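Good morning, colleagues. Please look at the sequence and the structure on the screen while I describe how this chain is put together.

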Amino acid sequence: MNQNINLQPVSSVVLDNILVNDESYAQQIMKQIDSVGYSLVYLCSPTNPSFLELSTAAVSAFNEIWSNNLDGGLGGRVDKASINFDAVANADSNLVELLNVSVIPNILRSKLGKKIYFDKNFSKFRGVNPSIKEQVNYSPLHYDGEFLPGPTYNLCIPFTGYGGPFPGLDLWKYPKWHSYLRFLIGSKLYKSIVSKFTAKWEPIVPPGYVLMFNENVMHQRSIFKKHLPRINVEFRFFSENEIGNNDLCLTEF
Ligand SMILES: [Fe+2]
């Protein structure tokens with residue numbers, strides 16, 4: 001593992017013109033999620049104090065792991081590049097604060113029902129570093145519904161760049177005929193049909209934006225030919241229907 005990696009500073013993006021509580025903005029996002037399975041959503045200014053606290057804590061957690069070669073900090077899975085949600089101080093309170101002033105809870109409620117729950121077992125911080133061989137070799141093609149119960153939304157929130165020169169995600173947008181594939185979800189055939197016959201896309205997600213996608217969207221870590229490390233959090237939401245599932249650690253939002 002390389003030592004003493006310096007992260008690129010969080011770039012500032014001019015986002016002030018977006019009316020985050022504008023209902024038409026929420027409608028536009030919902031429409032995109034329904035048709036292709038994912039969307040980029042504005043969360044906050046990258047200079048928001050809760051965002052800065054969260055990103056500083058996450059970046060220093062991974063810098064410590066990388067510079068001290070602390071494989072154990074990654075739960076023994078260097079390839080997965082993730083640390084537990086609670087390993088970053090005040091992660092839940094900062095995220096709740098950030099989401100509360102955005103359109104995102106409304107979007108989630110329109111999809112999951114009135115009461116929404118975030119899950120701490122399946123929410124993770126990730127530090128993907130292209131200089132770590134195990135991480136370059138780990139890029140499984142999957143959809144989250146393969147291992148998660150019920151409908152769920154993954155909010156992928158970057159603190160560095162995400163995509164382009166940084167590792168990101170390749171996503172396979174729903175084909176126009178996706179509704180005819182619904183009965184195949186859960187099978188290997190679904191995966192091979194979607195990945196073979198539809199286009200993949202790597203979004204560039206600036207700090208302050210969220211990549212939001214549901215459990216049926218095929219995706220794969222993009223890491224080949226990348227040269228800068230990426231740090232982000234994945235915050236997962238479920239509906240009331242998953243209450244009682246022992247694999248989950250749900251908190252009402
Ligand atoms: Fe995934």
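This is a predicted model: local features need pLDDT of at least 70, side-chain atom pairs count only at pLDDT 80 or more; totals for chains, interfaces and linings use all residues.

Among contacts in the chain with a separation of 6 or more, 87% link residues 24 or more positions apart.

Let me turn to overall dimensions. Along its principal axes, the C-alpha trace spans about 50 × 40 × 40 Å. The radius of gyration is 18 Å, which agrees with the value near 18 Å for a compact globule of 253 residues. Of those 253 residues, 39% count as buried.

Next, the secondary structure. The chain holds 6 helices and 10 strands. Strands of a sheet pair through backbone hydrogen bonds, either parallel or antiparallel.

Consider strand 7, residues 209–214. How many of its 6 residues are buried? The count is 5, so the strand is mostly covered. Strand 1, residues 38–42, runs antiparallel to strand 7 and is joined to it by 5 bridges; here V41 has V210 as its bridge partner. Strand 4, residues 152–158, is also antiparallel to strand 7, with 4 bridges between them, and C156 stands opposite L211.

Finally, I come to an open sheet of 3 strands, in the order 6-5-8, with antiparallel pairing. Strand 6 (200–201) and strand 8 (218–222) each have a single partner strand and stand at the edges, so one side of each is left without a neighbour in the sheet. Strand 5, residues 168–172, is joined to strand 8 by 5 bridges, and the bridge partner of G168 in strand 8 is S222.

Thank you for your attention.

Definitions and conventions
Residues are numbered from 1 along each chain as its sequence is written. Two strands pair if DSSP finds at least two bridges between them. Helices (H or I, at least four residues) and strands (E, at least two) are DSSP runs, numbered from the N terminus. The radius of gyration is taken over C-alpha atoms; the globule rule is 2.2 Å times the number of residues to the power 0.38. A residue is buried if 20 or more other C-beta atoms lie within 10 Å of its own, exposed if 12 or fewer, and partly exposed in between; C-beta atoms are placed from the backbone. Two residues are in contact if their C-beta atoms, placed from the backbone, lie within 7 Å.
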